[in-house]
Amino acid sequence: RGVGLPSAELEKVFEPFYRCETSRSRDTGGTGLGLAIARNVAQLHHGRVGLRNHPEGGVEATLELPRS
């Protein structure tokens, strides 16, 4: 639950070191690598990671991996 992300940001957050919230510093809010790493690992396994704004608020993340 929450405000979600602006639509233009939903893909940008997968770029290495990209951070939406500029009010936080690296000391208090990470480096902006987590989603880039998650997408890279998913792609290496022939899968995908995506984000969407949930209709009831917040962001929903999906991870799809092929069956073995």
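**Exercise 1. Find the salt bridges in this predicted model and say where their partners lie.**

The structure holds 3 salt bridges, a salt bridge being a side-chain nitrogen of Lys or Arg within 4 Å of a carboxyl oxygen of Asp or Glu. This is a predicted model, in which local features need pLDDT of at least 70 and side-chain atom pairs count only at pLDDT 80 or more, while totals for chains, interfaces and linings use all residues. Residues are numbered from 1 along each chain as its sequence is written, and side-chain values use heavy atoms, with hydrogens and water left out.

Step 1. R39 pairs with E11, their closest N and O atoms being 2.8 Å apart. This pair links distant parts of the chain, since R39 sits in helix α3 and E11 in helix α1 (residues 9-12), 28 residues apart; helices (H or I, at least four residues) and strands (E, at least two) are DSSP runs, numbered from the N terminus.

Step 2. R39 is buried, with a relative accessible area of 17%, whereas E11 is partly exposed at 48%; buried means under 20% relative accessible area, exposed over 50%, and partly exposed in between (1.4 Å probe, protein chains only).

Step 3. The side chains of E64 and R48 meet in a salt bridge of 3.2 Å, N to O. E64 belongs to strand β2 and R48 to strand β1, 16 residues apart.

Step 4. R52 forms a salt bridge with E60, with the closest N and O atoms 2.7 Å apart.

**Exercise 2. Describe how β1 and β2 are joined.**

Step 1. The two strands run antiparallel and are joined by 6 bridges, β2 covering residues 59-64; two strands pair if DSSP finds at least two bridges between them.

Step 2. β1 and β2 form a hairpin with 5 residues between them, and G57 in the turn has a positive phi of about 115°.

Step 3. L51 has A61 in β2 as its bridge partner. L51 also touches residues including L5, L10 and V59, not counting residues up to four places away in sequence, where contact means heavy atoms within 4.5 Å.

**Exercise 3. Locate H45 and decide whether H45 is buried or exposed.**

Step 1. H45 is found in the loop between α3 (34-44) and β1 (48-53).

Step 2. H45 counts as exposed because its relative accessible area is 52%.

Step 3. Not counting residues up to four places away in sequence, H45 touches L65 and P66, and its C-alpha is 9.7 Å from that of E64, although H45 and E64 are 19 residues apart in sequence.
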